[in-house]
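Subject: Structure handover and findings

Dear colleague,

My notes on the fold follow directly after it.

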Amino acid sequence: MPVIDSHGCPIDVDITGPADAPVLLLSSSLGTTKHMWDPQMDAFAKTYRVVRYDKRGHGKSGVPKGPYSMEMLGRDAIAIMDGLKIEKANWLGLSMGGMEGMWLGANAGHRFKKLILSNTSSHYADKSMWNARIDAITKAGSVAAIADMVINAWLTKDFQQAQPDTTSRMKEMMIATPVEGYLGCAAAVRDMDHREILKGIKVPTLIIAGAKDPATNVAAAEAIRDSIPGSKLAIVDAAHIANVEVPDAYARVVLDFLDSK
């Protein structure tokens with residue numbers, strides 16, 4: 001697993017799949033690592049060279065002092081591509097990964113063949129929720145302070161009851177996130193406003209929404225679709241971390257779009 005330097009921050013990268021296959025770059029949600037994508041790796045790596053990574057402040061990557069910005073996170077993705085000599089890639093980002101994808105599509109669209117923006121939003125008009133989350137973690141000194149609340153947005157109650165082991169792994173992943181890294185990325189999400197830049201995205205784009213997602217709902221996905229010319233919307237029966245809740249259905253939606261002409 002290579003480590004790529006992005007403007008002084010080491011980014012831990014994992015590469016899977018045929019060396020000569022088209023590249024699929026995966027970007028995960030706030031409070032998760034690249035292992036969030038484990039349920040799709042077998043399906044994706046059959047026909048794609050899958051590059052996934054721990055974003056700054058998460059997992060095995062560096063934890064520079066925050067706050068961070070969407071531009072900073074987007075430039076990390078470009079640094080990975082440059083470091084691996086990838087001229088063009090397909091992008092799949094969930095939640096904050098989708099927000100990074102919007103920045104990349106608008107500012108570095110020539111580097112991408114297709115974009116998939118999953119369970120995401122282009123703007124938060126009400127910052128109070130993010131400020132409250134940041135305050136709770138700062139006061140407690142641990143991401144555990146918000147873990148129960150967040151897991152209920154990530155996964156439906158039915159899934160949590162049916163899949164307690166997977167639910168526990170996701171919760172543990174969240175709690176293990178370094179405080180400085182979580183807060184730095186949370187500030188980037190809070191302060192993001194991509195509404196205007198969406199109009200400039202020319203890359204073929206799919207938006208995925210979870211029908212039961214309370215964090216980034218279908219209306220937020222529709223707003224993105226309506227702002228990106230020619231983009232498409234797919235809805236899956238899941239909450240926020242849709243790829244974990246409905247792994248097979250999610251993989252089919254992604255691959256159908258990537259494989260289409």
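The protein chain has 11 helices and eight strands; helices (H or I, at least four residues) and strands (E, at least two) are DSSP runs, numbered from the N terminus. Its radius of gyration is 17 Å, close to the 18 Å that the globule rule gives for 261 residues, so the chain is as compact as a globular protein of that length. The radius of gyration is taken over C-alpha atoms, and the globule rule is 2.2 Å times the number of residues to the power 0.38. Along the principal axes, the C-alpha atoms of the protein chain fill a box of roughly 50 × 40 × 35 Å.

Please note that this is a predicted model, in which local features need pLDDT of at least 70 and side-chain atom pairs count only at pLDDT 80 or more, while totals for chains, interfaces and linings use all residues. Residues are numbered from 1 along each chain as its sequence is written, and side-chain values use heavy atoms, with hydrogens and water left out.

The sheet

The eight strands of an open sheet follow the order β1-β2-β4-β3-β5-β6-β7-β8, with mixed pairing; two strands pair if DSSP finds at least two bridges between them. At the edges are β1 and β8 (232–236), each of which pairs on one side only. On average, neighbouring strands of this sheet are turned by 25 degrees against each other, direction ignored. Axes here are lines fitted to C-alpha atoms, for helices over the stretch in contact, and angles run from 0 to 180 degrees between N-to-C directions.

Strand β3 (residues 23–27) pairs with β4 in the parallel sense over four bridges, and Leu25 has Val51 in β4 as its bridge partner. Helix α2 (residues 70–83) packs on the sheet and touches β1, β2, β3, β4, β5 (89–94) and β6 (112–118); contact means heavy atoms within 4.5 Å. The direction of α2 makes about 125 degrees with that of β1. Helix α9 (residues 218–227) lies across β6, β7 (205–210) and β8, and runs at about 170 degrees to β7.

Strand β1 (residues 3–6) and strand β2 (residues 9–16) run antiparallel and are joined by four bridges, with Ile4 opposite Ile11 in β2. These two strands, β1 and β2, form a hairpin with two residues between them, and His7 in the turn has a positive phi of about 55 degrees. Strand β2 is also joined by four bridges to strand β4 (residues 49–53), again in an antiparallel arrangement; here Asp14 stands opposite Arg52 in β4.

Two loop features

Gly66 and Pro67 are joined by a cis peptide bond, with omega about 0 degrees. Pro67 is found in the loop between β4 and α2. Lys85 has a positive phi of about 60 degrees although it is not a glycine, and it lies in the loop between α2 and β5.

Helix packing

Two packed helices are described by the angle between their axes and the distance between the axes. Angles under 35 degrees count as roughly parallel, over 145 as roughly antiparallel, 65 to 115 as roughly perpendicular and the rest as oblique.

Helix α2 and helix α3 (residues 96–107) pack at an angle of about 80 degrees, with their axes 9 Å apart, which means that α2 is roughly perpendicular to α3. Among the residues making this contact are Met70, Leu73 and Ile78 of α2 and Met96, Met99 and Trp103 of α3. The residues of the contact of α2 with α3 comprise eight nonpolar, one polar and three charged. Ala, Val, Leu, Ile, Met, Phe, Trp, Tyr, Cys and Pro count as nonpolar, Asp, Glu, Lys and Arg as charged, and the others, Gly among them, as polar.

The axes of helix α4 (residues 128–140) and helix α8 (residues 179–191) come within 10 Å and cross at roughly 170 degrees, so α4 is roughly antiparallel to α8. Residues including Trp130, Ile134 and Ile137 in α4 meet residues of α8, among them Tyr182, Leu183 and Ala186. The contact of α4 with α8 divides into nine nonpolar, two polar and two charged residues.

Yours sincerely
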